[in-house]
Protein chains: 2
Amino acid sequence: MKATAKAHTNIALIKYWGKRNEQLILPTNNSLSLTLDGFYTETTVHFRSDLAQDIFYLNDTVVTGEAYNRVTHFLNLVREQFGHKKLYADVRSVNAVPTAAGFASSASGFAALASASVKALGADVENDELSRLTRRGSGSACRSIYGGFVEWEKGTKEDGSDSFAVPIAPADHWDVRVAAAVLNPTEKKVSSRAGMKRTVDTSLFYQGWLDGIPQDLADIKAGIADRDFEKVGSIAEANCLRMHATTLGANPPFTYWNYLTMQVMETVRELREQGIPAYFTIDAGPNVKVLYLPENEARVEHALRELSGVNDVILSRAGGPVTYQN
Amino acid sequence: MKATAKAHTNIALIKYWGKRNEQLILPTNNSLSLTLDGFYTETTVHFRSDLAQDIFYLNDTVVTGEAYNRVTHFLNLVREQFGHKKLYADVRSVNAVPTAAGFASSASGFAALASASVKALGADVENDELSRLTRRGSGSACRSIYGGFVEWEKGTKEDGSDSFAVPIAPADHWDVRVAAAVLNPTEKKVSSRAGMKRTVDTSLFYQGWLDGIPQDLADIKAGIADRDFEKVGSIAEANCLRMHATTLGANPPFTYWNYLTMQVMETVRELREQGIPAYFTIDAGPNVKVLYLPENEARVEHALRELSGVNDVILSRAGGPVTYQN
């Protein structure tokens, strides 16, 4: 009744931006990500008959409040699905995802939690089913079941049974790297969840966002297959800009960017003008991630570290799928 | 055969962003502006039978090239309309619109040129007709015929006969002011004309832009009538953000903002958090204009001058209509 799983976070190149069902976490559009080796969560789940409730440790500290509620809510789904309604769990997670880097630790977190829970209960599930279950904890986590390039198919069914991730190309298909520029801390004024909802509900640009997805997906998958870095990078960057443009059309409008975000974007454009292929992508926060090829690692890292508002630069390669330990 | 006219530039609160006819300069949406007292062009036009071609002096310097071509092209329209096809003009303009401030000197320039030309030919035209003619020189110039708050009605006719500006409220209706933050110079990579065209032709968000205009216009006109600064300011700011969002959805995407632009926007938001009503608007360039009320002038100017990337801050009140001198 005990298992340990390790899952990596992922960075979306085609963004997940909008839910069609908040309860089941069903997206309005397909998304596509790269799993990252450098950032992961390792979680041990131990279902024990002597517990009166779930207990959750993150980095050796007991977690309560909203984060605990999300974990126990997810464990309830697992217990329900696999017929162990009265068995509580001792959950111990170690996060190697620096919060400041602006990566979604919920992606690696729920992928590891789902994988370890299912394994601890001795259930034998296919990856499709595991991804679908993981989705219920955190949408983008469903992509972290796989390594490399991964697509989350939004599905069309009401019950979400056809909404899960599928692998596009493994990590060893192509050595694309990501530099996370960690900016001076600023208060995050609109959470990603709230921002997504406000955008779907009010943005004049939301339909335009959806209209662009099929072409982006077709093009980026062709680019990945051909290892065409300029194609993949420019599509990812344009997709990110469109995602952020939708927030400017919301009511009231808002942005996740600050002037440091803009400074990093300008630096990436300057790198390109100097002949270094590099492209940025930004999630629902101010931090910027830069895609580059191995031969340009030193140049990219140096350019980012030179910016006075950049506190740290964290590099990562493509990462693999969920793994298990005993 | 000689007349002098003075026209002020204007700042759009609801942006002119897209043409339905490039040749006749017919817009895709109504726009609304405030004429500004601080920035103007004074132009003397002298039609003389002894000239073999037009001659154009700007600030005492003879102008050639593209700027000269636009002036002479416009004078051809005037000559054609008023039946003086063989009479060339000596045109002398003085611009009190600092180019660095990012105000459209073409707005005051063509309003003054149109007014002086028509007057010099002794033609007696209504303001509607003068505005319609001015539009052919530069779209936003058609609003500078009037003072205060002005709406440019896009019209629906193919020949543009119903596309001209109308006055909404004169300058003395309401003492709203504008601070122009002049940023460290950066190269303008995409001209406003080219950016507008690329956006209309390729942006996934262009329809969303158009969809938002009728509500913005109705609300801002109600706000102007009620002298409701928060309403007028927040609509102008949201409209500006949507205009700029459309460029992020173009193919390829682009932006007129740089990190200094973002810094000024953040400063304006901070002023509001401190209880100072101030709102920004940005045209097709990096500079930011800030709307404020007279009682907050010192606070707004100080906040902008404190930013290290701001070279200068130029203040203006609402301005009046075109005037003539002998």
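Let me start where the two chains meet, and please keep in mind that this is a predicted model. On one side 21 residues of chain B take part, and they are in contact with 21 residues of chain A. Three elements of chain B each give two or more residues to the side that touches chain A, namely helix H5 (206-226), helix H6 (229-248) and helix H7 (259-273). Of these, H6(B) provides the largest share, with 6 residues. If we sort that side of chain B by class, we find 11 nonpolar, 7 polar and 3 charged residues.

Now, how do H5(B) and H6(B) pack? Their axes are 9 Å apart and the angle is about 165 degrees; because angles over 145 degrees count as roughly antiparallel, that is how H5(B) runs relative to H6(B). The crossing of H5(B) with H6(B) is left-handed. Among the residues that meet here are B:Trp209, B:Asp216 and B:Ile220 from H5(B), and B:Ile235, B:Asn239 and B:Arg242 from H6(B). The contact between H5(B) and H6(B) divides into 8 nonpolar, 4 polar and 4 charged residues.

Chain A gives us another helix pair to set beside that one. Helix H2 (residues 105-120) and helix H3 (residues 127-137) of chain A have axes that come within 9 Å and cross at roughly 125 degrees, which means that H2(A) is oblique to H3(A). Here the crossing is right-handed. From H2(A), residues including A:Phe110, A:Leu113 and A:Val118 meet residues of H3(A), including A:Leu130 and A:Leu133. This contact has 7 nonpolar and 3 polar residues, and no charged ones.

Let me turn to the interior. In soluble globular proteins, nonpolar side chains tend to be buried together. In this model the largest nonpolar core has 192 residues, and A:Val290 and B:Val290 have the most contacts inside it. Leaving out residues up to four places away in sequence, A:Val290 touches, among others, A:Val178, A:Phe280 and A:Leu304.

Is A:Val176 buried or exposed? It counts as buried, because it has 21 C-beta neighbours inside 10 Å. Beyond its neighbours within four places in sequence, A:Val176 is in contact with A:Leu34, A:Leu291, A:Leu293 and A:Ala318. Finally, A:Val176 and A:Phe229 are 53 residues apart along the chain, while their C-alpha atoms are separated by 8.2 Å.

Notes
Residues numbered from 1 in each chain as written. Chains lettered and ligands numbered in written order. Predicted model: local features only at pLDDT ≥ 70, side-chain atom pairs only at ≥ 80, totals over all residues. Axes fitted to C-alpha atoms, helices over the stretch in contact; angles between N-to-C directions. Helix = DSSP H or I, 4+ residues; strand = E, 2+ residues; numbered from the N terminus. Parallel < 35°, antiparallel > 145°, perpendicular 65-115°, else oblique. Left-handed = near helix turned anticlockwise from the far one by under 90°. Contact = placed C-beta atoms within 7 Å. Nonpolar A, V, L, I, M, F, W, Y, C, P; charged D, E, K, R; others polar. Core = buried A, V, L, I, M, F, W, Y, C linked by C-beta atoms within 7 Å. Buried ≥ 20, exposed ≤ 12 C-beta atoms within 10 Å, placed from the backbone.
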